[in-house]
Amino acid sequence: MKHTKSLIPRLSKLSILISAALSVQVNAQQASDQQIEQITVTTQKRVQSIQDVPASISAYNGDFLDSIGVGELDTLSEITPGLVIQEQSPNNPGFVIRGITSDSGSSQASPRVSIYYNGADISRSRGSYFEMFDIQRVEVVKGPQATLFGTAASVGALSVITNKPEEDFSAAVTIGAGNFAAKQVKGYVTGGNDTLQGRFAFSYRERDGYIKNIAGEEGSQSVDGTQQDDMHAIERTAYRASLRFTPNEAITADLTYTHEENQDSGTSFKNGLYAPTGGDTSPYSFVELSGSPYSAEVLGAEKLGVDRTTEDLNLTVEWLISESLTFTSVSATRSFDSLEIFDGDGTQAWFLEFAEDAQGDQFSQEFRLLHSGEKLTTIAGISYFTEDGSQAVPFSTEESIYLNCLGALGTGLPCINADGSVNQLTPALTEGALTEIPYTAVFSNFGETDSLSVFADFTYAVSQDLELTAGIRYISEDKTSGYSSVAPDSFILTSIGAPGPLLPVVNTDGVVLEATDKFNDWLPRFNMLYKLSDNTNIYATISKGRRSEVLDVSSTTDEDGNVVADVTLVPAEIIWNAETGVKGQALNRSVTYSASVYYQDYSDFQVTQQDDAGNFFTANAGSATNFGFESEVRALVGDNFDVFANLAYIDATIDDDSANGELAGNRFRLQPEWTASTGVSYNQELSDNYSLTGSLIYSYRSDIYFEPDNAPISGLDISEDAISLVNARLGIANQESGWNLSLFASNLFDKEYLVDAGNTGGSFGNPTFVAGPPRFVGIDFSMSFGN
C-alpha cells in the first residue's frame, strides 16, 4: 500500500486539531486560587522553567505520574504526544519519537532515540528498559537534540531522573494485588545529615500470564513435552542505592547504583496461519508454544521466557565555582546480560525455535562548564563514550518439518493439519522410520564503538524579550563490527544433492569476521525564543540530527570459494528539523499550554529489515519526510479537578520517489498519524483528615503498520486499526496518618488490540501476532512516614 497526502488535507486536519486544543483552554472554568506547579527541566543542561526552553518538551514530576497511575515506562506514551513506547518484553522494547523507531537489538547498529538515566546515555535497546519507581522527573524532548544530548538523540530523547537522598528522614511503602495473581511491593527510605545523605528504593512486581499456553499439557501436539508457563507473565525485581555527599555549599556529589532483574515468561507470538491443537488463530486466544527438545542445550534454557539483568553505576558531581560558573562531571557505567527464548513460528511445530543471547557493557564520561553572564549563557563540554556488545541468535528446528512448512519439499501437505498434528516427513525420507533430524545453528554479531565529542552552546539575550541560541557538537567515532556463524550442512539437502546449511547463509564455522572504520560529523542547532508577554513565549528552531553509519558485516565467499567478510556500509542517517511553537500560561497559572509545528527532512533513511535467515539488518531506504503538529493543555478546574489533554498529528513517510525502491511512499512503522489523550485527576476533602482521590485517562491512537513494507504477509494484514483505551483510579487518603488506599484498572473496557505483528516468523512466510494487555484491575495501599 502506498501512502501520499497533499498539503491541503494536512492543513485541514491540523486546523481541526488546533481548534480542539485551544477549546480545552477557552472552556476551562474560572480559575481558583490554586496554581499548576512550575516544572523545571534540564533539557539544555541547566535548570530552566519548561516554558523558557525553545523546544517541544513534555515533562512530568513523580507525584503527578503517581496520581494518575503511570507506573511503567511504556505507559508514558499514553499521555505524551509524539511518543510511542512498545514493550514486547523488557529485552525487546521499541521507542518511537515523531515517527522514528529505535528498537534494533543488533550490536552493529546505533540507536536513534536517546534514553537517559540520571544524565547518562543508556540507549542500547536491550539495556534501555527499566522499572519506574521512586522517580523525581521524566522529560521527553522531541526533535534532534544531538548538540547537547549526543548523536543517539537524532530524533529526540527520553530522560528519567530518580529521586535524590534527603537530609530529613522519610520513608514510604506501597503494597498491591490484582487479577492474574498480580502482586507488588515498592518503597523507599531516606535520611542523613548536612554532609552525607542516603536513599534506598526498591520495587518488586509479579503477575501470571494473560495468554494461556497449552504446550506440554495432555493432548497437546507440541514436540517438546516441557510444561510451559502462560505467556506475558512477569517477575521483576529492582533496587537503587544512592548517596549524596555535600562537603560544603559549593559541591554536590551523587553516587547511584541500580540493579534490576527480569524473569518474564516471554511473548505470545501467535501464528496467523495455523491454529494450536483445539484452538484458532486469534492472537487473543490460547497458544501452543514451546522450545525444541534441545532447548537447554542449544537455546540456553528449557522454558520460553526472558532472563535479563542490568546494573548501572552513576557518579554526578556538581561544583559551583562561582555565582556564574558551574562545573559538572557525569561518570557512568552500565551493563546488561539478557537471554530471551522464543517460538518464532508461533505454532506447536518444531519449526522456528530461536533465542537471543545479548550482552553489553558501556562507560561514559562527560565534563561540562556552564557560565551564566548578564547577557550570554555558555555551555561547553567534552564527552567520551565506549561500548562493547554482542548478540548471539541460536536456532533449532527439525529438518523435515522446516522444509515442509516452507513448502521446499513440494509435498503439498500443510505444515499443521486441521486436528493440530504436525506433518513430520522423516518416514518418507528414512525408509519408514519416524526419526527426528534435528538441526541447530548459531548466528552472532558484535559491535564496539568509541566516540569522542566536544560541544558548545551559546545563548545571547538580545533584549529582555529576545534570546538567540547557537550550538554545535563535533563527534568522532571508531567502530568495529563482527559476525560469525555456526551453520552446518543440512542432512536432507545433502541427501538430495544440494549440500549446504538449512538457512541461506555462508558458514564461518565460528570464525569471527570483522571490519573497522572511522566516522565524524558536525551537528549544529539554532534557536530563537521571544517573549510575547510575561505569560507567553514563542520559539523557532533548526537542528541537525544524525544516526551513525552502520558497518554491517556478514559472510560470503570469494571467487576461490574462501569464506570472507561481506561488509556493507550503510550511510549515516541525516535529519534536518525545522520547528516553531508557542508555550504559555493563563488564568493565574491555572492553565498551561504548548503547541508546535515541525517539518523534518531525512536523507539516507535507515530501516530495519529481516533477511531470509531471519537475521535483522539495517538498510538504506533513501529520503523521507515528516510533517506534524503537537499540542498539550493542562488546567485546574475549580478546587478539585486537574485536567489535561494532548493531540498530535504526523505524516511520516518514505518519499514516493522511484530512487527509494520498494518502500517508496510507505508510512513509517509503529507510527500512528493521530494520537490523543485526555485525563482528569480528582481530589476532594471529605473531612479534616480524609480526602477522596481519583483519575480517569482516555488515550487514542490511529491505525499503524508493524512493518516498513506496509504490505500483507502470506495474505495476512500486518497492521492494526485505531484503538482507544481507558485507565481509571479511585482512592481514599488520610493526610494526617499518611496512608492511601486505591482501586485501579487499566484497559478498563478490556479492548483487544495488537502490539506487534509480522516478527521473525514473517520473514519465513509465517507471520505472528502479539496481543496487547487485557484489563488489569487491582488494589494498592500506600503508607508514608516522616516528612
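1. The note opens with a pair of strands: β16 and strand β40 (residues 768–771) run antiparallel to each other and are joined over 2 bridges. Two strands are said to pair if DSSP finds at least two bridges between them, and the elements themselves are DSSP runs numbered from the N terminus, with helices (H or I) of at least four residues and strands (E) of at least two. Within this pairing, Asn 271 stands opposite Thr 768 in β40.

2. Before going further, please keep in mind that this is a predicted model, in which local features need pLDDT of at least 70 and side-chain atom pairs count only at pLDDT 80 or more, while totals for chains, interfaces and linings use all residues. Residues are numbered from 1 along each chain as its sequence is written, and side-chain values use heavy atoms, with hydrogens and water left out.

3. The strands of point 1 belong to an open sheet of 3 strands, whose order is β16-β40-β39 and whose pairing is antiparallel. Its edge strands are β16 (270–271) and β39 (754–758), each of which pairs on one side only.

4. As for the chain as a whole, it has 8 helices and 41 strands. Its radius of gyration is 27 Å, close to the 28 Å that the globule rule gives for 787 residues, so the chain is as compact as a globular protein of that length; the radius is taken over C-alpha atoms, and the rule is 2.2 Å times the number of residues to the power 0.38. Along the principal axes, the C-alpha atoms fill a box of roughly 85 × 60 × 60 Å.

5. Buried residues make up 57% of the 787 residues in the chain, where buried means under 20% relative accessible area, exposed means over 50%, and partly exposed lies in between (1.4 Å probe, protein chains only). Of the contacts with a separation of 6 or more, 68% come from residues 24 or more positions apart, a contact being heavy atoms within 4.5 Å.

6. Strand β3 (residues 56–61) is mostly covered, since 5 of its 6 residues are buried. It is joined by 6 bridges to strand β9 (residues 135–142), and the two run antiparallel, with Ile 57 standing opposite Val 141 in β9.

7. Tyr 60 and Phe 64 form a stacked aromatic pair, at 6.1 Å centre to centre and with 10° between the planes. Rings of Phe, Tyr and Trp (its six-membered ring) pair if their centres lie within 6.5 Å, and planes under 30 degrees apart count as stacked, over 60 as edge-to-face and the rest as tilted. Tyr 60 counts as buried at 6% relative accessibility, and Phe 64 is buried too, at 10%. The count of aromatic pairs by this rule is 25.

8. One aromatic cluster is formed by Phe 269, Phe 342, Phe 351, Phe 354, Phe 395, Tyr 402, Tyr 439 and Phe 764.

9. Which residues does the disulfide join? Cys 405 is joined to Cys 415, with 1.9 Å from S to S, and the rule for a disulfide (a pair of cysteine sulfur atoms within 2.5 Å) gives a count of 1. Cys 405 lies in helix α5 (residues 399–405) and Cys 415 in the loop between α5 and α6 (426–429), so the pair ties together parts that are 10 residues apart in sequence. The link is right-handed, with 60° about the S-S bond, and both Cys 405 and Cys 415 are buried.
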